[in-house]
Amino acid sequence: MPRRILNNAILGVLAVITATSDVMFSLAQEDPVEYGVDVSFPIQSYEVSTNYPWLPHNVDPENNPTPPKYQGMPIQLLGNVKERYDNMIKGCGKAYPRPKGICEQTERDRVEMSIRQPHQMQNYTDNGFKKIRTPPGVWKLISEFWEKNKENYMKQKENWPKGNTYVNHWDSPTYMISIEDGRLRGGGQTIKQAVWDAAKE
């Protein structure tokens, strides 16, 4: 192997090691790592980023053009997130085998909504929200309902639509005591309407 090619290969390997080490060191030190969408989870595309810092086009972009697959894809600073995401989807598929592909369809709908929804929203304050105290009438209704039913908290699994991927509820079940649940003490449409009416006052 010509010396020049050998030297370039060694430098490339060292650059990859350095880039990877820098990222891992930063994460190990718990320094803030800034990143955009599709790095920790798919938000505006259907796959999480696999554009790792140690790939040749990131280490030496002058001599390695970015492959079409990675063009516009953010740098993946959090490691092999794809494996974690793929395992989550597989887990959903095992929990909801029928109809086939329901989890993937939910993910497509979720991503499309993430793209479509923000520009359709209207802010009524400068920040887009306003923090206020719960009206006393509302607080009285829901706190009394909670006190009557809190002992059943871990018995009330939250209902999710079939194939819903918003929360990994098949591995980590979520629980909720709903005021709409007529099986609970004081639950049902009466208290629901009362809460609505109290909130308007």
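**Chat on a predicted model**

Biologist: Threonine 50, buried or exposed?

Modeller: Threonine 50 is buried, with a relative accessible area of 11%. Buried means under 20% relative accessible area, exposed over 50%, and partly exposed in between, using a 1.4 Å probe and protein chains only.

Biologist: What kind of model is this, and how are residues numbered?

Modeller: It is a predicted model, with local features needing pLDDT of at least 70 and side-chain atom pairs counting only at pLDDT 80 or more, while totals for chains, interfaces and linings use all residues. Residues are numbered from 1 along each chain as its sequence is written, and side-chain values use heavy atoms, with hydrogens and water left out.

Biologist: Where is threonine 50 found?

Modeller: In the loop between α1 (3–28) and α2 (56–59). Helices are DSSP runs of H or I with at least four residues, strands are E runs of at least two, and both are numbered from the N terminus.

Biologist: Which residues is threonine 50 in contact with?

Modeller: Leaving aside neighbours within four places in sequence, threonine 50 is in contact (heavy atoms within 4.5 Å) with Leu55, Lys69, Tyr70, Met73, Gln76 and Lys82.

Biologist: What about aspartate 38, where does that lie?

Modeller: Aspartate 38 lies in the loop between α1 and α2. Its phi is positive, about 70 degrees, although aspartate 38 is not a glycine. Aspartate 38 is buried, with a relative accessible area of 9%.

Biologist: New topic. How many disulfides does a search of the whole structure find?

Modeller: One, where a disulfide is a pair of cysteine sulfur atoms within 2.5 Å. It joins cysteine 92 to cysteine 103, S to S 2.0 Å. Cysteine 92 lies in helix α3 and cysteine 103 in helix α4, so the pair ties together parts that are eleven residues apart in sequence.

Biologist: What is the torsion about the S-S bond?

Modeller: About -85 degrees, so the disulfide of cysteine 92 and cysteine 103 is left-handed.

Biologist: At what angle do α3 and α4 pack?

Modeller: Helix α3 (residues 81–95) and helix α4 (residues 102–116) pack at about 125 degrees, with axes 8 Å apart. That makes α3 oblique to α4: under 35 degrees counts as roughly parallel, over 145 as roughly antiparallel, 65 to 115 as roughly perpendicular and the rest as oblique. Axes are lines fitted to C-alpha atoms, for helices over the stretch in contact, and angles run from 0 to 180 degrees between N-to-C directions.

Biologist: Which residues make the contact?

Modeller: Tyr85, Ile89, Cys92 and Gly93 of α3, with Cys103, Glu104 and Glu107 of α4.

Biologist: Last one: which peptide bond is cis?

Modeller: The one from arginine 98 to proline 99, with omega near -5 degrees. Proline 99 is found in the loop between α3 and α4.
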